[in-house]
Amino acid sequence: MTLDMVNRGQKIEVISIPDEKIRVQAIRLGLYEGAKLVCSQKVLAGPVVLQNRLQEIAIGRKLAQTIKVKAV
């Protein structure tokens, strides 16, 4: 499944970030392949907010559609 399909409160693991440029930038934010995160909020037709320990990251909906994840 892709990141935009995740439900609020769901724990996920990132499987792949296909775009090399985005992958490099995402690593700086703690979003990398194998990272375990929690969906803290999902704004209707807006970003998906992920929680990584004490940090929250908002990922735009179009970008979220390209990131593959699995439920943990």
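User: Is threonine 2 buried or exposed?
Analyst: Good place to start! This is a predicted model, where local features need pLDDT of at least 70, side-chain atom pairs count only at pLDDT 80 or more, and totals for chains, interfaces and linings use all residues. Residues are numbered from 1 along each chain as its sequence is written, and side-chain values use heavy atoms, with hydrogens and water left out. Buried means under 20% relative accessible area, exposed over 50%, and partly exposed in between (1.4 Å probe, protein chains only). Because its relative accessibility is 14%, threonine 2 counts as buried.

User: Which side chain makes a polar contact with that of threonine 2?
Analyst: A polar contact is a pair of N or O atoms within 3.5 Å; within protein, one must be able to donate a hydrogen and the other to accept it, and residues adjacent in sequence count only if both atoms are side-chain atoms. Here the separation is 2.4 Å, and the partner of threonine 2 is aspartate 4.

User: Which residues touch the most other members of the largest nonpolar core?
Analyst: A nonpolar core is a set of buried Ala, Val, Leu, Ile, Met, Phe, Trp, Tyr and Cys residues joined through side-chain atoms within 4.5 Å. In soluble globular proteins, nonpolar side chains tend to be buried together. The largest core here has 17 residues, and those touching the most other members are Leu3, Val14, Leu31, Leu50, Ile59 and Ile67.

User: What is the strand order of the open sheet?
Analyst: Strands (E, at least two residues) and helices (H or I, at least four) are DSSP runs, numbered from the N terminus. Two strands pair if DSSP finds at least two bridges between them. The open sheet has five strands with antiparallel pairing, in the order β4-β3-β2-β1-β5.

User: Which residue in β4 stands opposite valine 48?
Analyst: β3 and β4 pair in the antiparallel sense over five bridges. In β4, the residue opposite valine 48 is isoleucine 59.

User: Does glutamine 51 count as buried or partly exposed?
Analyst: Glutamine 51 lies in strand β3. Since its relative accessibility is 31%, glutamine 51 counts as partly exposed.

User: How far is the backbone oxygen of arginine 53 from a polar atom of the side chain of glutamine 51?
Analyst: Contact means heavy atoms within 4.5 Å. Leaving aside neighbours within four places in sequence, glutamine 51 is in contact with Leu37, Val38, Ser40 and Glu56. From a polar atom of its side chain to the backbone oxygen of arginine 53, the distance is 3.1 Å.
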